[in-house]
Structures are given as C-alpha cells and as structure tokens.
There are 2 protein chains.
Amino acid sequence: MTTETLTVRDLGLRARAAARVLRSLPTARKVAALHAVARELRARATGILAANARDVAAAEAAGLPAHMVDRLRLNAASLAAIAADVEAVARLPDPVGERTGEKQLPSGIRVSQMRVPLGVLGVIYESRPNVTVDVAALALMSGNAVLLRGGKETVGSNAALEDAVRAALASQDLPAEAVQVIRDPARERMLELLRLDDLVDAIIPRGGAGLHRYCVENATVPVIVGGIGVVHIYLDGSFTRDPADVARAAELIRNAKVQKPSACNALDTLLVHREALPALPAIARDLAAHGVTLRADPPALAALQAAGVEAQPATASDYGTEFLALTASIRTVGGLEEALDFIAAHGNHTDVILTRDPAQAERFVQDVDSAAVMVNASPRFNDGGQLGLGAEVAISTQKLHARGPMGLAELTTTKWVVMGDGHIRA
Amino acid sequence: MTTETLTVRDLGLRARAAARVLRSLPTARKVAALHAVARELRARATGILAANARDVAAAEAAGLPAHMVDRLRLNAASLAAIAADVEAVARLPDPVGERTGEKQLPSGIRVSQMRVPLGVLGVIYESRPNVTVDVAALALMSGNAVLLRGGKETVGSNAALEDAVRAALASQDLPAEAVQVIRDPARERMLELLRLDDLVDAIIPRGGAGLHRYCVENATVPVIVGGIGVVHIYLDGSFTRDPADVARAAELIRNAKVQKPSACNALDTLLVHREALPALPAIARDLAAHGVTLRADPPALAALQAAGVEAQPATASDYGTEFLALTASIRTVGGLEEALDFIAAHGNHTDVILTRDPAQAERFVQDVDSAAVMVNASPRFNDGGQLGLGAEVAISTQKLHARGPMGLAELTTTKWVVMGDGHIRA
C-alpha cells in the first residue's frame, strides 16, 4: 500500500505508533538504521536520479526560473554527498536518555529530568530534495518520527528518496512509518498537517517568510519559526583606528555579505559610527568590487561619493529588510546606544559589533536580544555546523523551545522522573 | 493615564519597551522590586479588599455559583499570604545571565549560550485574583514584562492589585509598564493579545480545557498548553503481596485522588493488574469512605461487589477523562504491556506505577511519554514546589519549550554569544 491512498490523519496515526518504537531505541540501532539509509541511497542512485530528472524536466517545461530548477536538481555527486551527510549524523552524540538535575527532595522523593524525543515532527519545506533525507536522518537519530511535506516540484524525487529511507528502516526491523512523505502536493493536505495537534508535536517550516507566516496563521500544532531575520553589523570607531583593523573589518564584512547572499545569516544592514565613516570607503569599495549594491543614508552616502564609491540613497524600507541578495544598507549612528536602539527595533537573528572597546562589547552582548550576538566575528557563524552542533534542522528565530541553530538536542524534550517508596504529598 | 484608554497593541508596545529595561536588571534590583510589591500590597490592603468585596458582591448578585465566588474572594489572611509568596519568589535563584556550553571551536571563535528572559509574556487566566500577583512576581524575577488578562468577575480586584504592583515598580525607578492588566474584559481584547506575535513572546493560559483550546485555535503568538490531562496509576501485582504494601497503596491512591480533586495532578484512572484485584476492595473502600465515586470495568466491578464495596459500571467515556472531582475510573489489565498501551492512548500529564519489580519500573519509566513519570510516588508531586522549582507559573503538558511545572527558568530562553577577533567563516 502506498501512502498516497491514506489521509494525512492516517499518516499521523502511523507516525505516532512508530514514534513509540523509536523513542526507546538504543543508540546503536539508530546508527545502524542511518547506515542502512546511506547504503540504500547509494544502491538506488540510478532510480533516484531518474525520478529527479523527470521532476527537473517537468519544472523546466512549466517555466520554473533557472535558479529554482537548480535547487531541485540532484546529480551523482550531490546524492553521494547526501548519503555521506546521513553517515555524519550517525556519528553525532545521541542526546536521548541523558538525565539532569538528579536530586533527593525534602519529601524524600528522588527526581530527575530525562531527555526524550519530541515524538512526531512535521517538517514543511520547499524545493530542495536533499532536505527530505537530511531531516529524516536528524529525526531518526533523535528518536523522532517525521511527516515530510516538500514542494510540488519535487514530488517524484521525494517519493524515490522516501522509498529508499523506508526500505532501509524495514531492513533493520524498524517501522517504515517513522518517515513518511505527504505525497499529495495540495495545500489542503498541508493545512491538515498544521492542525493535527493531537498527533504531531511540532511543525518546523523551512522556507521563505510567506511559508512561515502561513504556518503561524494556520497551525494549531506548535510551530518553530526560524530562518527569517535582519542581520546587522555595528562598526565602532575603535575598530577603524588601526589600518590593519580596517582591512580586517573589510574582510569580515565581505564574508558576511558575499559568501552566501541567499543565506539568512548574511549581512543586511551595516551600522557605522560617525567616527568610523573615514574607513567606510575602503570597506564599501571591497563590497562593490564583489557586486554588492549599497544603499546608504546621507552621511554615509556623502562619505562614499567623496571617495568615488558608487552607492544609492537608502529609503526607509532598506532598513529592517532581509535582502537575501547582493544588496546591503548602510546607516550612520552617533554612538553605541543609537545602534542598540536601532537593533532593538529591527533585529532578532544575528547582530555583530566590531569594536576594540571591551566595555562596548559587553554592553552590546547584554543588550542585544537576538538569536546570536557576536563580537568581532562574522554573522555567517550562526549555523549549526559552525557553532558545534554537527548538523541543523533549522535556525530558530523565536524564543520558545530553541533559539538559533537546531541540532539533535533541539529535537528533544524532557520528562520528569520521580522515584519514591510509597511517598505521598503532605 | 490609565491603561483603560490604550489599545492592547499600545500595551504591547509599552511592555516591549519595559522588557528591554528588565532584561539587563541585576538580581538585587529585581529582589528590591519584589519586596516593594509586597510592602505596597500590605499598605493598600484595605483598598484591595474593598475592591474585591465589590467584585464578590457583583458576582453573587449575578448568580455566580458559590464555588466560583469562593475562588475570587480575598481576605486579610489570603492577601497577606500573597504578599509573603512574592517575598518567597524574591528568594529564588535568578536564572538570568547563566552561561552554558562555553567552548572554543576549531575556527577559533569562542561560543556560549547565555540565559536571558523570554521578553514579554501574555498570561490569560480565570477568576483567581492571586494569579495576578503570583504571575507578576515570577515575571519580574525572571526579567520579563507581562500582559495579564484575568476573568471578568475580578476586574476590580485585578485593577487594585495592578495599581499596587505598578506603584511599587515606580517607587524603585523601574518601568511600571512591566506589569499591565488588560482591564477591558471583552473577548476581542483577548483575541488581540493572542495575535500580537510581533510584540509578545509566549502566551500562557491558566484555566480550563476550553480556554486552552481557544488559545491554540486563535493565537499566532506561541502558546504553552498545560494543566490539562489524565492521570493514571498502574497497580502491579507485586505491590499487593505484602499487606503493608496494600496499606501503602491505599494511602497513596487516596492521596492521589482525595487531597485536591480539582487539581490537574489528581488521579483519574486506576489500572489494576488482574493479580492485584484481591487488594482492590481495601483500596476502593478507603476511597469510597472519602466520598469518591468509583466506575469500574466488569472484572474490577465483580471484585468490588463481591466484597460489598459500592461501585458503578464504567462506560467508555470514563477512560481518558479528566474528572477534576471525587470520581475515579478503574480498569483491569492483564499485564504491564497492556497498561502501557492504555497510557500511550490516554496519558500525557502524570502516570504512576506501583510495583516492587525494578525491571517493570524501568520499562514503565522508559516507555511512558508524559510530563511526569513516577514509581511508587503520588502523582500529586507533579507540582513546581514539590519538584524543587520553588514556584510555578503553570504546568506544561506540551513538549515544546517546557514540560511539567514551569518555574523561573522556564520563563527564560538563551541567546548564542560568539566572541572572535575578526574571525570569518571559511
């Protein structure tokens, strides 16, 4: 029986049953399952790539823009990398079963909190088929079942990948229902998933702001919002006194903006202390040479134009905007407090100060309320791999449950364990 | 200016500004603020009790049932206890500022996670005016601003309590907008609060299942659902072989059901191993003597009737039901696995095994996926004070963010702090 004949609720019930098996699974069996997944992906490479080629051809025929077609395309090398990533997840420490806060209380009971899987995850994403396998691997390693809802352009690729994962699970005597793709791309099916709050423990959207908003507006399952946000770098005057620091600032700001402009941790707005304006042309020239369009407020624009660096006047909408492209806005501020007020109004994702003044660095770290606050480091470090989590399922920009990159531990919760000997409450 | 002339959005904006002050406040200033609150409550006792007496009179005139009128009534002693509770919160450890996971990564950056307040909380509750002060104290001590929406029967009491808290904050040069009561009891105002997701970080409902469901259905702010759930005790045969154990089981089950039947951690369903049925009459007689109505399945009913203990036949709806009253259901099971299947279908809050078999205890602890799992202890221990948290704002029965009693730490989140020296991502 294929999953196509089942309702989303049926899939949820099967996931719930599978989750009960997964949650008590020893680490070694989860590792073995992931190795089986990697093997199955390699063994089925020809079929998976053929299914993907059909998706790509259909997308091209439908006139999908080339950069979107690129995102859904797999080849032998990218499929091999996906399989290797599954094996990398299998090498991560298993967070499940850890006990914290063990103590005996005055009543005599012994208590602790045991780390356990969330249960059933719902992950909604757009065109990249690698997400299907990445998320399945992270869910399995953390003991969770998962319902996956990918983009309509990748239905064939996702079905082939799901078949591989499920065959691998079955080969290990594990419930194949631990990983299920909702194959019907109709939006109504996604809505059913979002409202399955008696069966699904968390929804993790991966995609643009519109997808996140749709989930927040429509879900009764708790949603973890992430990956959306404005990234600021505040350049203090103290970081521009030494020419070597100006060169460092230019390199760091280039890294922040140019390395991957489409990433959520790429620079959006550069805040420049008035005293740092003389260093701005060197930094901006470097950005412009890498194709970055700059939109500056009047003092910054004047400094740039005087130095012959091309820039446009910024409008109000250039601030608080996530560009996801080779565009950055620049704003002049009179001091740290003005920068902090600006970030308090517009920031939530990653905010950086470049300073040589430890007191300013400390004030910045204390005051800025974003998922990541950095001193003299590129915002591109706000990433699960870069922060030492090994892998990430998403970057949360909300405050409940998880904030910043979500690795295996962020796919778990705790339960209280109380041990007594007939103890009653006084 | 009173808050009555402001929209809920205005209140949210003011709360957000206040939260920015609170989040960096040293512990000593938060402690001083709470002591000021306690002093102000005592100084204003006459006025607060007069306002409360008007609420009570209006509720009686409106024909509110006596047990609901009781819940909104304050007197000198209960107001003094509320003030003392505020001082108790001031003695709890401040979770804010703690740094965990400090390490240097291969790239050279140093990272840690810093514990910070959530920001702005929205708490929606029903008739008890003590919640107004309890929640305000927990929010302030954890560095959060809070928007409070109480029941329409307590509008006068809550206004008087809010005035006391805000006067105390102002006396300490702190923003009074840290604690704001939505004074307009119209449901539209609550809906505005539930959808204020750009300003409010979490909604915590405290009340019945209907209120929780309304929040889940309508909120775009993340909601922490709690306090709703079915409590099971599974009585294994091994706990009934020794008459002293039978007496212990009877005492524990009485504690679980009778101590506070209206509490969410009170027993709902007793699962009895077939081998433990001979001990059931002694246990049930004790419950019946304390006024508990018993609804039993056929094997248990037969055992009770043979021993002359009054009980009714259970219907399907007596299982998976939270009674919140002196009623309990009883179900006979053939063994641990059947009990676990039953709990997997109906449980999520607090589940207890009474057993002398360590292997069964271990299997129960591993398999049961509830906020609290207990061995040989009363489910009444699932409470913030009893589990060592000092105080609780609610008991979460969801899995995201917090599970079980929520104390000060559960009103916080973390932010990543990254320290570099011009580090860029490779």
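The model is a predicted one, so to speak of local features a pLDDT of at least 70 is needed, side-chain atom pairs count only at pLDDT 80 or more, and totals for chains, interfaces and linings use all residues. Residues are numbered from 1 along each chain as its sequence is written, chains are lettered from A and ligands numbered from 1 in the order in which they are written, and side-chain values use heavy atoms, with hydrogens and water left out.

To start with the two chains, 78 residues of chain A touch 78 residues of chain B, where contact means heavy atoms within 4.5 Å. Together they bury about 6,700 Å², and carbon and sulfur atoms give 49% of that; buried area here is the accessible area (1.4 Å probe) that two parts lose on being put together, summed over both. On the chain A side, A:Leu400, A:Trp416 and A:Arg425 supply 14% of the area buried against chain B, more than any other three residues.

Polar links also run between the chains. There are 55 residue pairs in polar contact between chain A and chain B, both residues at pLDDT 80 or more. A polar contact is a pair of N or O atoms within 3.5 Å; within protein, one must be able to donate a hydrogen and the other to accept it, and residues adjacent in sequence count only if both atoms are side-chain atoms. Strand β16 of chain A (residues 412-423) gives the most to the side that touches chain B, with 11 residues; strands (E, at least two residues) and helices (H or I, at least four) are DSSP runs, numbered from the N terminus. Sorted by class, that side of chain A has 33 nonpolar, 21 polar and 24 charged residues. Ala, Val, Leu, Ile, Met, Phe, Trp, Tyr, Cys and Pro count as nonpolar, Asp, Glu, Lys and Arg as charged, and the others, Gly among them, as polar.

Side chains of opposite charge can pair when their charged atoms come close. Over all chains the structure holds 68 salt bridges, each a side-chain nitrogen of Lys or Arg within 4 Å of a carboxyl oxygen of Asp or Glu. Between chain A and chain B the count is 18, and one salt bridge joins the side chains of B:Asp367 and A:Arg20 (3.1 Å, N to O). Inside chain A, the side chains of A:Asp245 and A:Arg356 form another salt bridge, at 2.7 Å, N to O. That pair links distant parts of the chain, 111 residues apart: A:Asp245 sits in helix α10, and A:Arg356 in the loop between β12 (350-354) and α14 (358-367).

Helix α10 (residues 243-258) of chain A also packs against helix α11 (residues 280-289) of chain A, at an angle of about 35° and with the axes 9 Å apart. Axes are lines fitted to C-alpha atoms, for helices over the stretch in contact, and angles run from 0 to 180 degrees between N-to-C directions. Residues of this contact include A:Val246 and A:Ile253 of α10(A) and A:Ile283 and A:Leu287 of α11(A). By class, the contact has eight nonpolar, no polar and three charged residues.

Lastly, A:His401 has a positive phi near 75° without being a glycine.
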